[in-house]
Structure formats: structure tokens, C-alpha cells
Amino acid sequence: MGRRLQGALPGETAERRLTSIAGGRRAEPSQRQPRETVRELHPQVEDDQPQPEQGRLWHVVLSVAGRATPLGELRTALERLAYDHSFFLTARYATDHAEIRYWEEARDLHDAAAIALRLWGEHKGSANLPPWEIVGLEVVDRPTYHKRVAEGFGDPPPHLGGVHPY
């Protein structure tokens with residue numbers, strides 16, 4: 001005997017389509033439409049209609065460098081950045097360079113890279129970041145990131161989460 005999902009009526013399967021027969025049960029026989037006239041409550045969406053775009057997750061590694069900055073000030077600034085940026089994963093830092101890893105939601109690689117390239121500059125004032133320049137950027141999609149980790153390449157840093165010195 002076939003298994004049915006909860007909510008399906010006896011003799012029906014969960015794959016059934018919800019439909020409505022025009023006229024209903026109480027209509028006079030002269031008002032009833034032929035049984036072939038069926039209106040779908042949830043019509044199928046045609047493939048040629050544009051679907052709303054959904055963001056994808058991108059793993060971003062942003063490398064910045066510049067003049068030496070006291071470690072205490074740098075750590076405080078990176079912690080503020082982590083607080084401001086919701087998908088922040090981890091940051092590693094030294095007096096003259098830092099690496100920030102985080103997830104970004106964007107439509108495509110171009111958008112994710114553009115957002116990443118603006119991150120440092122947009123948060124310089126609010127997080128009191130040093131006036132360093134971006135010296136490296138890596139953006140990969142989620143499946144690529146997980147494949148790398150599974151293969152032993154691109155392991156996550158030893159201190160996952162938070163702000164840590166090198």
C-alpha cells in the first residue's frame with residue numbers, strides 16, 4: 001500500500017493539484033458549467049517569466065596593509081568592524097596588515113567583489129580603521145569554499161570567529 005503524506009485525503013496523493021470547479025455545488029443546473037471547465041488555484045509559472053533574483057552567499061577574504069598601527073587600536077577597530085558587519089567571520093592582524101574573512105550575500109561575483117572593495121573605506125570612519133589600502137581580494141561561491149575545505153585546501157583559520165593576532 002502506498003504511503004501518503006499527512007493532509008492528503010484517503011485515495012488521494014500529496015502530489016494532487018488544488019483546483020476549483022466554476023459554479024460550485026449549489027449552482028442551479030442551468031448555471032453549472034461543464035466539468036471540463038476547471039480553474040487552477042495555484043497556476044504554474046511559465047519558464048519564460050522573469051523570476052525574482054535571489055542573492056547567493058560568497059566567501060570573501062579581504063587583505064589590507066599599510067603603516068604600522070598600535071595593536072590595541074587595530075584590534076579595537078577590527079572588533080567594531082565585526083560588530084557593524086553582520087556576516088563577519090574572523091580577522092587576523094599584525095601591526096602593518098590584516099586579513100578579514102566573512103560571508104557576503106550578493107546576486108553575482110561582480111556584486112560581491114564590489115561590496116568587498118567598498119567595505120574597508122565605508123567603515124574607516126565608523127570603526128576607526130587605519131588608512132590602509134586593500135592589497136588582496138578573494139571571492140568564491142559557497143560550494144567552492146566547502147569543496148576546498150573538504151579537500152584540505154583553504155582550511156578555515158585556527159581561530160574561527162572573532163579578531164585574533166597572527
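**Chatting through the sheet and its core**

Q: T90 is in strand β4 (residues 88-93). Is T90 buried or exposed?

A: In this predicted model, T90 counts as buried, with a relative accessibility of 2%.

Q: And what does the T90 side chain reach?

A: The backbone oxygen of G162, at 3.2 Å.

Q: Which strands make up the open sheet, and in what order?

A: There are five, running β6-β3-β5-β4-β7, with mixed pairing. From one strand to the next, the twist averages 20°.

Q: Which strands stand at the edges?

A: β6 and β7 (162-165). Each has a single partner strand, so one side of each has no neighbour in the sheet.

Q: How do β4 and β5 run, and how many bridges join them?

A: They run antiparallel, joined by five bridges.

Q: OK, helices. Which strands does α1 lie across?

A: α1 lies across β4, β5 and β7, and its direction is at about 170° to β4.

Q: What about helix α3?

A: Helix α3 (residues 142-150) packs on the sheet too, touching β3, β5 and β6. Its direction makes about 90° with that of β6.

Q: Switching to the inside: which residues touch the most other members of the largest nonpolar core?

A: That core has 25 residues, and the ones touching the most other members are L78, L81, I100, W120 and L129.

Q: Which elements each supply at least two residues of this core?

A: β3 (56-65), α1 (71-84), β4, β5 (97-106) and α2. The largest share comes from α2, with six residues. As background, nonpolar side chains tend to be buried together in soluble globular proteins.

Q: Let's zoom in on L81. What is it in contact with, leaving aside neighbours within four places in sequence?

A: L81 is in contact with I100, L119, W120, H123, A127 and L129. Two of the names on that list, I100 and W120, also came up among the residues that touch the most other core members.

Q: And A112, where is that?

A: In helix α2. A112 counts as buried, at 0% relative accessibility.

Q: Which residues is A112 in contact with, again skipping neighbours within four places?

A: W58, A106 and V139. As for L57, it is 55 residues away from A112 in sequence, while their C-alpha atoms are 8.7 Å apart in space.

Q: Is N128 buried or exposed?

A: Exposed, with a relative accessible area of 54%.

Q: Last topic, confidence. What does the chain average?

A: The average pLDDT is 77, and 63% of the residues score at least 70.

Q: Which elements have the lowest and the highest mean pLDDT?

A: Strand β1 (residues 19-21) is lowest at 45, and strand β6 (residues 133-141) is highest at 96.

Q: Where is the pLDDT below 50?

A: Residues 1-5 are one such stretch, with four contacts in the model beyond near neighbours in sequence. Residues 16-25 are below 50 as well, and that stretch has 20 contacts beyond near neighbours.

Technical notes:
Residues numbered from 1 in each chain as written. Predicted model: local features only at pLDDT ≥ 70, side-chain atom pairs only at ≥ 80, totals over all residues. Heavy atoms only, no water. pLDDT = per-residue confidence, 0-100. Helix = DSSP H or I, 4+ residues; strand = E, 2+ residues; numbered from the N terminus. Contact = heavy atoms within 4.5 Å. Buried < 20%, exposed > 50% of the residue type's maximum accessible area, 1.4 Å probe, protein only. Polar contact = N/O pair within 3.5 Å; in protein donor to acceptor, adjacent residues only side chain to side chain. Core = buried A, V, L, I, M, F, W, Y, C linked by side-chain atoms within 4.5 Å. Pairing = 2+ DSSP bridges. Axes fitted to C-alpha atoms, helices over the stretch in contact; angles between N-to-C directions.
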